[in-house]
Amino acid sequence: MLTNETFRNQAHQVVDWIADYLENIQQYPVKPSIAPGALRAALPDEAPQSGEAMDDIWKDFLNMIVPGITHWQHPGFMALFPSNASYPGILGEIAVSGLGINAMMWDTSPSATELEQTVMEWLRKATGLPDGMLGVIHDTASMSTLTAIISARERYAQFQVNQHGFHGYDKLVMYCTDQTHYSIEKGAKAAGIGAAQVKKIATDDAHAMIATALTKQIAEDKAAGLQPFMVVATLGTTSTLAFDPLEGIGNICVEHKLWLHVDAAYAGSAFFLNEYRHFLQGIDHADSYVFNAHKWLFTNFDCSCYFVKDANHLINTFSANPDYLKRTEESVAMFKDWGIPLGRRFRALKLWFVLRNYGISGIQELLRKHIDIATNFRNQLLSDTQWELMAPPVMNMFCVRYHPQGINDNEALNALNTALLKSINADGNYYLSGTIVKGMYMIRVVMGQTHLEQVHAEGLLALMRSSANSINDFKALR
Ligand SMILES: *Cc1c(COP(=O)(O)O)cnc(C)c1O
């Protein structure tokens, strides 16, 4: 077993390995190519009876575990959305693992609670959120949104569902669009609303919610005796980075007394930049808002920043004060009452390290750099008219498909682009993902990895062009 002294040596080795890993990360394929079940088959069926040397365990980590890792910190990781680490973020995680605390409430680590309050206030100001909104850190946007749905349910039901179940509140309905992240529907299931009671409002050509369609659906539902209680608006959808019109939706929510939850999980980081704040117009009407610092704010997973207009709804919904968890000071925040779990990680420390080490202007510079690289890349790619833009491009993401002259059948284009994406990813230096919107398959390009440089965009441009050409040759042969 490790002693304090052998731990110290081992830990230095681990840190050296992390630095080497990040320095040489481009030597790895972004996505591993291992067969399903291979690791399970290689590992013993039972835990070892007697302790093993850390050196042996570490060797197996390198030889068995690392080959099956997807390298999210590889600058060629342009799939899904990034889950960015950074040097200050990693240091924060290391320090927290050493402290090994549980930040459930003020008494269990006063610094953890007060630092969390401080960094959330910093973020609120730095991203242009309204005065008075208060923040708490959850693990994921999924959990933040579930928290919002349950709070909205309880505000509507005057906390009666919490007490007595759904009697009298069995016709609750909520609204989002067919582009909303699936975590909203999942949250509705978990909150007892029911997936079928989540109404998908139609979207326009830019894949954003049509506010008049929302008004119409609410009127129909009220006439049918249903109980509308909530709208989820998305700023930056996962498929195409579409922005729902917050101002219009907010006015409808005010009129009908609906809880407005805003999901800005990815794009929320961009509100460090003034030039994107116009998307926030109408945010005054939001009852809750979430964005993930672990996506595009260089803070290691997990760090989901959840803001509420009135914390009393949260606390009245989630607080429970058994005798063994009484607070010792009346005035302090008890974050265990701001969400579902009792136990909480000390996530504020890594965020504090990141915000201080980059500074607001350092973050702004890095975001703008990513956006510039993506914009140049997009312009170059689209200068060949066989590449077709599939949604309005914004920030550092866009959706395209390869559309050679003469092929106009949508099914054929879907098959072609599915094959093309596969061939781009097979190269190993890049990892892109696809999506299907309104029946059309498209390739998403997200250029937001912490260590992204211009040269990585150039490599991708060459790869996408050559992959498209080989697909053309392949077609010609047939
Ligand atoms: C990523 C994402 C989510 C889910 O985030 P988790 O933190 O993984 O739960 C929700 N909504 C949007 C718009 C997202 O992009």
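Visitor: Which residue is the bridge partner of V231 in strand 5?

Guide: In this model, which is a predicted one, V231 has L260 as its bridge partner in strand 5. The pairing behind that is between strand 4 (residues 227–234) and strand 5 (residues 259–263), which run in the parallel sense and are joined over five bridges.

Visitor: OK, and what is the strand order of the sheet they belong to?

Guide: The sheet is an open one of seven strands, with the order 1-7-6-5-4-2-3 and mixed pairing. Strand 1 (134–138) and strand 3 (198–201) are its edge strands, each of them pairing on one side only. From one strand to the next, the twist averages 20°.

Visitor: What about strand 2, is it mostly covered or exposed?

Guide: Strand 2 (residues 172–177) is mostly covered, since six of its six residues are buried. The cover applies to both faces, with L172, M174 and C176 buried on one side and V173, Y175 and T177 buried on the other.

Visitor: Which strands does helix 5 lie across?

Guide: Helix 5 (residues 110–126) lies across strand 1, strand 6 (288–292) and strand 7 (304–308), and its direction makes an angle of about 80° with strand 7.

Visitor: Switching to charges: how many salt bridges does a search of the whole structure find?

Guide: The search finds 17 salt bridges. One of them joins E116 and R344, whose side chains meet with an N to O distance of 2.6 Å. E116 lies in helix 5 and R344 in the loop between helix 12 (311–318) and helix 13 (348–382), so this pair ties together parts that are 228 residues apart in sequence.

Visitor: Are E116 and R344 buried or exposed?

Guide: Both E116 and R344 are buried. Another buried pair is D302 and R347, which form a salt bridge with their closest N and O atoms 3.2 Å apart.

Visitor: Which residues are in one network with D302 and R347?

Guide: The network also takes in E93, R345 and K350, joined with D302 and R347 through salt bridges that share partners.

Visitor: Where is the salt bridge between D56 and K59, and how far apart are the closest N and O atoms?

Guide: D56 and K59 have their closest N and O atoms 3.8 Å apart. They are both in helix 3 (residues 54–65), and because they are three residues apart there, about one helical turn separates them. D56 is partly exposed at 39% relative accessibility, and K59 is also partly exposed, at 48%.

Visitor: Last one: which residues form the nonpolar patch on the surface?

Guide: That patch is formed by V15, L91 and I94, which together have about 250 Å² of accessible area. I94 is located in helix 4 (residues 87–99), and with a relative accessible area of 37% it counts as partly exposed.

Notes: Residues are numbered from 1 along each chain as its sequence is written. This is a predicted model: local features need pLDDT of at least 70, side-chain atom pairs count only at pLDDT 80 or more; totals for chains, interfaces and linings use all residues. Side-chain values use heavy atoms; hydrogens and water are left out. Patches are made of residues with over 30% relative accessible area and no salt bridge: like charges are joined within 9 Å, nonpolar side chains (Val, Leu, Ile, Met, Phe, Trp, Tyr) within 5 Å. Accessible areas come from the Shrake-Rupley method with a 1.4 Å probe; for residues, only the protein chains shown count as cover. A salt bridge is a side-chain nitrogen of Lys or Arg within 4 Å of a carboxyl oxygen of Asp or Glu. Helices (H or I, at least four residues) and strands (E, at least two) are DSSP runs, numbered from the N terminus. Buried means under 20% relative accessible area, exposed over 50%, partly exposed in between (1.4 Å probe, protein chains only). Two strands pair if DSSP finds at least two bridges between them. Axes are lines fitted to C-alpha atoms, for helices over the stretch in contact, and angles run from 0 to 180 degrees between N-to-C directions. Contact means heavy atoms within 4.5 Å.
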